[in-house]
Amino acid sequence: GRGIRQDSSAPSNTFFSSGIVQAFFWAIAVFMLVFILYKLFSNQGIFRKNRSALPVKEIEEDDHNIDDASDYDALIQQSVKQEDFRMAVRYLFLKTLRQLADRGHLQRSADKTNYQYVQQISQAKKKDFASLVLNYEYVWYGHLDIAREQFEQIEKNYTAFYNKI
């Protein structure tokens, strides 16, 4: 059989092998490298926090000072009445932490992560609690606005967990 003969004088081969084009591509590569290094080592950094993001409604650290689970119930009802289901999920989660701490299943601390709380829970309850934590994190940290039906399902999961502890 005949092989395909490549002609070294084809326009595509000569264009990319010319010194000017190679110098142009090398200049672009060097510029990109310098730009990336500048961003990495400048005070801005590549991964700096976006200050122009929409403000997030945050909760004060007083969350840990609420006296009773019934106080959380009132806050949950108020949030549901205002159709702020995201906030209601937050209060459900905080109420759960409070109940677990009151019953000796975990020790609350403002500097602990949710993962650390999951690690404190006994194996029998860990899977269910981890699922609640995951729901909470998706809704709260993911800034998800959920519908009433979604909230009601999440609330059922929390209630089922309360009954187990």
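In which helix is R148 found? In this predicted model, R148 belongs to helix α7, which covers residues 148-164. When neighbours within four places in sequence are left aside, the contacts of R148 are V80, E83 and F85. R148 and D84 are 64 residues apart along the chain, and their C-alpha atoms are separated by 9.2 Å.

E83, one of the residues in contact with R148, lies in the loop between α3 (69-81) and α4. Although E83 is not a glycine, its phi is positive, at about 60°. E83 counts as exposed because its relative accessibility of 54% is over 50%.

A positive phi is also found at H143, with a value of about 55°, and H143 is not a glycine either. H143 is placed in the loop between α6 and α7. With a relative accessibility of 45%, H143 counts as partly exposed.

Helix α6 comprises 18 residues, 123-140. At 1.5 Å a residue the helix should span 26 Å, and the separation of 25 Å between its end C-alpha atoms agrees with this value. The buried residues of α6 are K125, K126, F129, L132, V133, Y136, V139 and W140. Among the elements that cover these buried residues are α4 (85-102), α5 (114-120) and α7.

How values were computed. Residues numbered from 1 in each chain as written. Predicted model: local features only at pLDDT ≥ 70, side-chain atom pairs only at ≥ 80, totals over all residues. Heavy atoms only, no water. Helix = DSSP H or I, 4+ residues; strand = E, 2+ residues; numbered from the N terminus. Contact = heavy atoms within 4.5 Å. Expected span 1.5 Å × (residues − 1). Buried < 20%, exposed > 50% of the residue type's maximum accessible area, 1.4 Å probe, protein only.
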